[in-house]
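This briefing is meant to be read beside the sequence and coordinates, and it groups its points by topic.

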Amino acid sequence: MAYTAEISRSNPACIVFLVDRSGSMASAIGGDIPQPKAEVVADAINRLLYELTIKCAKESGVRDYFHVAVIGYGESVGSAFDGKLAERDLIPLSLIADNPARVDQRIRKVPDGAGGLVETAASFPVWMEPVARGGTPMNRALQYANNLVSKWVEEHPGGFPPIVLNLTDGQSTDGDPTEAGKAICIHTTADGSPLLFNLHVSAAGGQPLTFPQSDKALPDSYSRLLFAMSSSLPGHMRSYAASLGHRVSDETRGFVYNADITAVVQFLDIGTRATDLR
């Protein structure tokens, strides 16, 4: 059965985020909170990286169950990490944990033990900053990811297949990305083909279309193109999505259209859900 390979320090998994950093990402995301899309995406990825480091922390330190790349595409295509990790691609999780660009203090609400909520300050590591400049060279970004995936599969032929998550708000400005997306999924490990998931970050508002089974409800050719590029959700990801209230089937794909803040967070959580760590 595919997508069941054990993830361990000797057999780590690979996650590649592709982040649209075009000028249009400066506009506000759909929903009740007027926050720039670039900020929402950056916050979601920073939060996920922090949660991964906590999940993989043992008494001896953070274990390298994952190697992670965050690739931005806008004025240029390349690493979106800041600070000491700038210009680096796939990075072991322990190095990510030890090298945030900075640590913010943010206010969050937590239970007060009496049925209410109280505000408290919490540390929030930041590895990437929100950027919104230039066009949308998605084709080049997918080709960049393909190079990373190809090398990873060659070096880890028995491992859990790489996961590539593309977060974008606009149409590719450097040609049809379909072939570049297909190229990523051609490489295979003994556990299956790489997974390519796509998230459309919306400025329009309205109900997101999450993890659909077909493209019938999608409004235009571009959204249908992204859907067609997206891999089907493996069984364990479908089960997790179902536990969060999503309707899923064997045909469910890793695709979200018209995403709001909640959909962005859930997309990343579900899309990076891997097998048990050893």
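R238 is buried, having a relative accessible area of 19%. The model in which this value was computed is a predicted one. The points below begin with the salt bridge that R238 makes with D250, continue with other charged pairs, and then turn to the packing of α1 against α7 and to two residues with positive phi, Y3 and F211.

**Salt bridge of R238 and D250**

- The side chains of R238 and D250 meet in a salt bridge, with an N to O distance of 3.2 Å.
- This pair links distant parts of the chain, since R238 belongs to helix α6 while D250 sits in the loop between α6 (235–243) and β12 (255–259), 12 residues apart.
- The two partners fall into separate accessibility classes: D250 is exposed, with a relative accessible area of 56%, whereas R238, at 19%, is buried because the cut-off for that class is under 20%.

**Other salt bridges**

- Over the whole structure, a search finds seven salt bridges, among them the bridge between K37 and D169, whose closest N and O atoms are 2.6 Å apart.
- K37 lies in helix α1 and D169 in the loop between β9 (163–168) and α4 (178–186), so this pair ties together parts of the chain that are 132 residues apart in sequence.
- E129 and R102 form another salt bridge through their side chains, at 2.0 Å from N to O.
- Here too the pair links distant parts of the chain, with E129 in the loop between β8 (117–126) and α3 (138–155) and R102 in strand β7 (residues 102–111), 27 residues apart.
- E129 is partly exposed, with a relative accessible area of 27%, and R102 also counts as partly exposed, at 34% relative accessibility.

**Packing of helices α1 and α7**

- Two packed helices are described by the angle between their axes and by the distance between those axes.
- For helix α1 (residues 37–55) and helix α7 (residues 261–271), the axes come within 10 Å and cross at roughly 35 degrees, and the crossing is right-handed.
- On the α1 side the contact is made by V40, A44, I45, R47 and L48, which meet I261, V264, V265 and L268 of α7.
- Sorted by class, this contact between α1 and α7 has eight nonpolar residues, one charged residue and no polar ones.

**Residues with positive phi**

- Y3, although it is not a glycine, has a positive phi of about 60 degrees, and Y3 lies in the segment before β1 (13–20).
- With a relative accessibility of 15%, Y3 counts as buried.
- F211, a residue other than glycine, likewise has a positive phi, near 50 degrees, and the place of F211 is in the loop between β11 (209–210) and α5 (221–229).
- F211 counts as buried because its relative accessibility is 4%, where the class requires a value under 20%.

Notes:
Residues numbered from 1 in each chain as written. Predicted model: local features only at pLDDT ≥ 70, side-chain atom pairs only at ≥ 80, totals over all residues. Heavy atoms only, no water. Helix = DSSP H or I, 4+ residues; strand = E, 2+ residues; numbered from the N terminus. Buried < 20%, exposed > 50% of the residue type's maximum accessible area, 1.4 Å probe, protein only. Axes fitted to C-alpha atoms, helices over the stretch in contact; angles between N-to-C directions. Left-handed = near helix turned anticlockwise from the far one by under 90°. Contact = heavy atoms within 4.5 Å. Nonpolar A, V, L, I, M, F, W, Y, C, P; charged D, E, K, R; others polar. Salt bridge = Lys/Arg side-chain N within 4 Å of Asp/Glu carboxyl O.
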